[in-house]
Amino acid sequence: LKSHFVRFCLWGVPHREMVDLVAQTFKFVYFDLDLCSLSERHRLHLSALKVVKPQPRDEQVIAFFDLCEQYSNVAVVISSISGLPFCTPEDIQSGERLFTRLWNEYTCFEGLAWEPLHAQPGASITLDYEEFQMEQSASTYEDYLKHSAINLSRKPYPTGLGLSYPTIRYKDNRLNFMMMRHFAQVSAMHMIDRRRRVRHLMNR
């Protein structure tokens, strides 16, 4: 296995023993850490309501990055969602502080993979969104078909953020604006420093 690359999609922060084992076993390890929000208060609140799986505290996330940073063959990406219910302006600021710390202090951190909250057919939030003071742009089969038709009409077929898909937004337009700006600013940080980080990783 010393010649193999491996990717682990993590639903929580792994134990030290796991990180040590896989780092010493494989040629290169990618950890994909799933955090519903970059804000500790926000994700713990959602977890307490049992609308998301159990979430770690910031100190657990930092300890995980401290451990991964000890290995030259380990990289970490965080998967998250922008615009979940009960987010506040303070949560946005808290999330930006955590991201900035990770981005500036850990070379093992390869960035954030996140998207706005989708209105996916059958998801519970598409039925309960009004309870969270939110609204969605698609609710019927025809609504979803419209987005699919737009994607199919594009050549080549779009990927990532180029896809047309229905989203769930806050009824509070001010909060929507703040979340969009937050999404754009944090996403832009990836591009500003990307070349330097890529060169560094190639030399690890």
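Visitor: Which side chain meets that of Arg43 in a salt bridge?
Guide: The partner of Arg43 is Asp58, with N to O at 2.3 Å. A salt bridge here is a side-chain nitrogen of Lys or Arg within 4 Å of a carboxyl oxygen of Asp or Glu. This is a predicted model, in which local features need pLDDT of at least 70 and side-chain atom pairs count only at pLDDT 80 or more, whereas totals for chains, interfaces and linings use all residues. Residues are numbered from 1 along each chain as its sequence is written, and side-chain values use heavy atoms, with hydrogens and water left out.

Visitor: Where do Arg43 and Asp58 lie?
Guide: Arg43 is in helix H2 and Asp58 in helix H3, 15 residues apart, so the pair links distant parts of the chain. Helices (H or I, at least four residues) and strands (E, at least two) are DSSP runs, numbered from the N terminus.

Visitor: Is Arg43 buried or exposed?
Guide: Arg43 counts as buried, at 0% relative accessibility. Buried means under 20% relative accessible area, exposed over 50%, and partly exposed in between, with a 1.4 Å probe and protein chains only.

Visitor: How many salt bridges does the whole structure have?
Guide: The search finds 5. Among them is the one between Asp91 and Arg41, at 2.6 Å from N to O. Asp91 belongs to helix H4 and Arg41 to helix H2, so this pair ties together parts 50 residues apart in sequence. Asp91 is buried at 5% relative accessibility, while Arg41 is partly exposed at 40%.

Visitor: And what does Arg101 pair with?
Guide: Arg101 forms a salt bridge with Glu105, the closest N and O atoms being 3.5 Å apart. Both sit in helix H4, and because they are 4 residues apart, about one helical turn separates them. Arg101 is partly exposed at 40% relative accessibility, and Glu105 is partly exposed at 48%.

Visitor: Changing topic: how many residues are in the largest nonpolar core?
Guide: That core has 32 residues, and those with the most contacts inside it are Phe31, Phe64 and Phe65. Such a core is a set of buried Ala, Val, Leu, Ile, Met, Phe, Trp, Tyr and Cys residues joined through side-chain atoms within 4.5 Å.

Visitor: Which element gives the most to it?
Guide: Helix H3 does, with 6 residues.

Visitor: What does Phe65 touch?
Guide: Leaving aside residues up to four places away in sequence, Phe65 touches Val76, Ile78, Leu102, Tyr106, Cys108 and Phe109. Contact means heavy atoms within 4.5 Å.

Visitor: Which aromatic cluster is there?
Guide: One cluster is formed by Phe8, Phe31, Phe64, Phe65, Phe99, Trp103, Tyr106 and Phe109.

Visitor: How are the rings of Trp103 and Phe109 arranged?
Guide: Their centres are 5.8 Å apart and their planes at 85 degrees, so the pair is edge-to-face. Rings of Phe, Tyr and Trp (its six-membered ring) pair if their centres lie within 6.5 Å; planes under 30 degrees apart count as stacked, over 60 as edge-to-face and the rest as tilted. Trp103 and Phe109 are both buried.

Visitor: Finally, which residues form the nonpolar patch on the surface?
Guide: Leu49, Val51 and Phe86 form it, with about 240 Å² of accessible area together. Patches are made of residues with over 30% relative accessible area and no salt bridge, like charges being joined within 9 Å and nonpolar side chains (Val, Leu, Ile, Met, Phe, Trp, Tyr) within 5 Å. Accessible areas come from the Shrake-Rupley method with a 1.4 Å probe; for residues, only the protein chains shown count as cover. Val51 is found in the loop between helices H2 and H3 and is partly exposed, at 45% relative accessible area.
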